[in-house]
Amino acid sequence: MKIERNEITIRDLTEGYSDDGEGGVIGYRGRLDIRPPYQREFIYGENDRNAVIKGVAIGFPLNVMYWAKLGDERFEILEGQQRTISICQQ
């Protein structure tokens, strides 16, 4: 397995965000599967979600998130689903 570090903006991450319930959750211009079938449902409570948003707003970096590359510039989240959804729902 090869791990590559990439930085993207929150604007890029949230662009094209869509939550279609069981139909899927996507972001990053439709190229990121935020909730692949093996991921658990979003479980952050309001306080945790607000803490993520507040941290981003004051300039704290987010912890590393891991994405798996599916090919053709498509990805799925391995780690970081709850933080990603918190940001995208804002």
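This is a predicted model: local features need pLDDT of at least 70, side-chain atom pairs count only at pLDDT 80 or more; totals for chains, interfaces and linings use all residues.

Trainee: Which residues make up the largest nonpolar core?
Mentor: There are twelve, including Leu13, Val25, Phe75 and Ile77. Such a core is a set of buried Ala, Val, Leu, Ile, Met, Phe, Trp, Tyr and Cys residues joined through side-chain atoms within 4.5 Å; buried is under 20% relative accessible area with a 1.4 Å probe, protein chains only.

Trainee: And which element gives the largest share?
Mentor: That's α3, with three residues.

Trainee: What does Ile77 touch, leaving out residues up to four places away in sequence?
Mentor: Among them are Leu32, Pro36, Tyr66 and Trp67, with contact meaning heavy atoms within 4.5 Å.

Trainee: New topic: how do β4 and β5 pair?
Mentor: They're antiparallel, over five bridges; pairing takes at least two DSSP bridges. Strands are DSSP E runs of at least two residues, helices H or I runs of at least four, numbered from the N terminus. Trp67 has Ile77 as its bridge partner in β5.

Trainee: What about the hairpin of those two?
Mentor: Two residues sit between the strands, and Asp72 takes a positive phi near 50°.

Trainee: Last one: is Gln82 buried or exposed?
Mentor: Buried, at 10% relative accessible area. Gln82 lies in helix α3, and its side chain reaches the backbone nitrogen of Tyr44 at 3.3 Å.

Methods
Residues are numbered from 1 along each chain as its sequence is written. Side-chain values use heavy atoms; hydrogens and water are left out. Buried means under 20% relative accessible area, exposed over 50%, partly exposed in between (1.4 Å probe, protein chains only). A polar contact is a pair of N or O atoms within 3.5 Å; within protein, one must be able to donate a hydrogen and the other to accept it, and residues adjacent in sequence count only if both atoms are side-chain atoms.
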